Amino acid sequence: MSRSVNPSPSPVRRRGAVVSAALVGLLLVFTSPGHADPDDEEPTLEELNERAEALEEEYDAELVQYTSAKEEAEKASDRVEELQKELDEARGDVAVIAASQYKGGGMDPVVEIVMSSSPEQMLSDAALLGQVSHISGSRVANLMELKSEAEEAKEEADAALADAEELVEDLEEQRDEVLAKIEEYEAEQVPVTTGTGSVPDSARGWGFDGATPRMAAIRDEIISTFGAPYPVGCLRPGDSGEHGSGRACDFMMSAGGAMPSAANRDLGWQIAEYAKANAGRLGVMYVIWEQKIWDSRNPGAGWKPMSDRGSVTQNHYDHVHISSY
């Protein structure tokens with residue numbers, strides 16, 4: 001009795017198997033990253049927000065340093081999500097290529113048409129791989145590029161979240177010291193200053209007379225020391241930050257949202273550093289200038305960069321912002 005013998009795979013199928021295996025390998029390489037062990041996970045941004053909000057309630061003031069760090073972490077996280085969606089779509093494209101090669105005799109349909117002549121005229125394995133790479137190369141290249149971008153974005157998101165966590169931890173460590181400082185400032189009797197005799201009318205901007213006694217004292221000392229090339233604004237009713245209560249003033253270095261001159265940029269840094277150096281005596285809470293913030297509640301951090309808010313004014317390039325306790 002004769003035995004049936006399974007025919008050996010044709011050269012086309014062997015070559016197709018090589019191609020399919022290569023593409024399947026790509027899909028395995030580009031699988032979604034696994035989740036970390038819950039026991040090893042760092043605090044989420046939502047958890048950090050809750051801790052920061054608790055501190056803000058105790059300080060009765062916004063933690064602008066943390067707000068900026070949170071914005072950076074949110075932007076980075078959103079970018080990771082966008083890239084993950086694009087990566088999933090690109091992975092699907094490559095999966096379709098691999099499936100079509102397997103179902104169509106192990107080869108891309110376009111390649112089958114090109115290869116419809118006799119087996120003796122078929123291209124070699126290397127040539128076949130090159131042809132398939134040429135046809136599907138753009139989708140594979142797109143997948144590789146997206147994976148690289150996604151990995152980079154994930155690293156940036158992790159770094160931004162780590163910065164936010166470090167900031168909250170620093171603020172929590174200094175909590176008792178900050179609360180004691182606030183209590184001390186509240187017990188002090190600060191003279192009400194209106195700038196009479198020492199502040200020129202040209203320095204009086206919006207809400208000038210609405211500043212609290214402490215902020216008015218800070219404002220008038222800075223104006224008398226450095227002058228005011230443009231009007232200084234203070235109280236802004238309805239503002240959610242210190243401007244809303246008169247505990248902040250903006251020392252303008254230009255007008256109309258324009259970048260200041262080189263001389264006024266230097267003047268801005270002189271004012272900012274003066275407020276920083278005399279923060280304890282004057283009761284300065286924080287200073288913002290040129291998209292950087294120094295906070296007396298976390299002085300060891302130095303001048304920390306802030307997130308980009310889109311304009312010269314919002315990024316504090318045209319005015320020095322000073323908030324008081």
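Analyst: Hello! A residue counts as buried under 20% relative accessible area, as exposed over 50%, and as partly exposed in between. Please keep in mind that this is a predicted model.

User: Thanks! Is P237 buried or exposed?

Analyst: P237 sits in the loop between β1 and β2. Its C-alpha is 9.4 Å from that of G210, a residue 27 positions away in sequence. The cut-off for exposed is over 50%. Because the relative accessibility of P237 is 68%, P237 counts as exposed.

User: G241 is in the loop between β1 and β2. Is G241 buried or exposed?

Analyst: The C-alpha atoms of G241 and S323 are 9.1 Å apart, although 82 residues separate the two in sequence. The limit for buried is under 20%. G241 has a relative accessibility of 17%, so G241 counts as buried.

User: Which cysteines form a disulfide?

Analyst: A disulfide is a covalent bond between the sulfur atoms of two cysteines. Searching the whole structure turns up one disulfide. Its sulfur atoms lie 2.1 Å apart, and the partners are C234 and C249.

User: Where do C234 and C249 lie, and how many residues apart are they?

Analyst: The angle about the S-S bond is 105 degrees, and the link of C234 and C249 is right-handed. This pair joins distant parts of the chain: C234 is in the loop between β1 (232–233) and β2, while C249 is in strand β2, and their separation is 15 residues.

User: Are C234 and C249 buried or exposed?

Analyst: C234 has a relative accessibility of 0%, so C234 counts as buried. C249 has a relative accessible area of 0%, and therefore C249 is also buried.

User: What are the volume of the second largest pocket and the number of residues lining it?

Analyst: By class, the lining of the second largest pocket has four nonpolar, nine polar and seven charged residues. R236, D239, H243, R309 and H316 lie nearest the centre of this pocket. The pocket has a volume of about 420 Å³, and the lining residues number 20.

User: Why is the second largest pocket said to lie between two domains, and which are they?

Analyst: Several elements each supply at least two lining residues, namely α3 (64–103), β2 (248–252), β3 (284–289) and β6 (319–324). Both domains give residues to the lining, so the pocket lies between domain 1 (45–189) and domain 2 (201–324).

User: What is the phi of H316 near?

Analyst: H316 is one of the residues nearest the centre of the second largest pocket, and H316 lies in the loop between β5 (304–305) and β6. With a relative accessibility of 10%, H316 counts as buried because the cut-off is under 20%. Most residues other than glycine have a negative phi. H316 is not a glycine, yet its phi is positive, near 60 degrees.

User: And what is the phi of E290 near?

Analyst: E290 belongs to the loop between β3 and β4 (292–295). E290 counts as buried because its relative accessibility is 5%. E290 is a residue other than glycine, and its phi has a positive value, near 50 degrees.

How values were computed
Residues numbered from 1 in each chain as written. Predicted model: local features only at pLDDT ≥ 70, side-chain atom pairs only at ≥ 80, totals over all residues. Heavy atoms only, no water. 1 Å grid on protein atoms, 1.4 Å probe; cavity = no way out; pocket = protein on both sides within 12 Å on 5 of 7 lines; lining within 4 Å. Points joined across faces, edges and corners; volume = space filled by probe spheres on them. Helix = DSSP H or I, 4+ residues; strand = E, 2+ residues; numbered from the N terminus. Nonpolar A, V, L, I, M, F, W, Y, C, P; charged D, E, K, R; others polar. Domains from an automatic or database assignment. Disulfide = S-S within 2.5 Å. Buried < 20%, exposed > 50% of the residue type's maximum accessible area, 1.4 Å probe, protein only.
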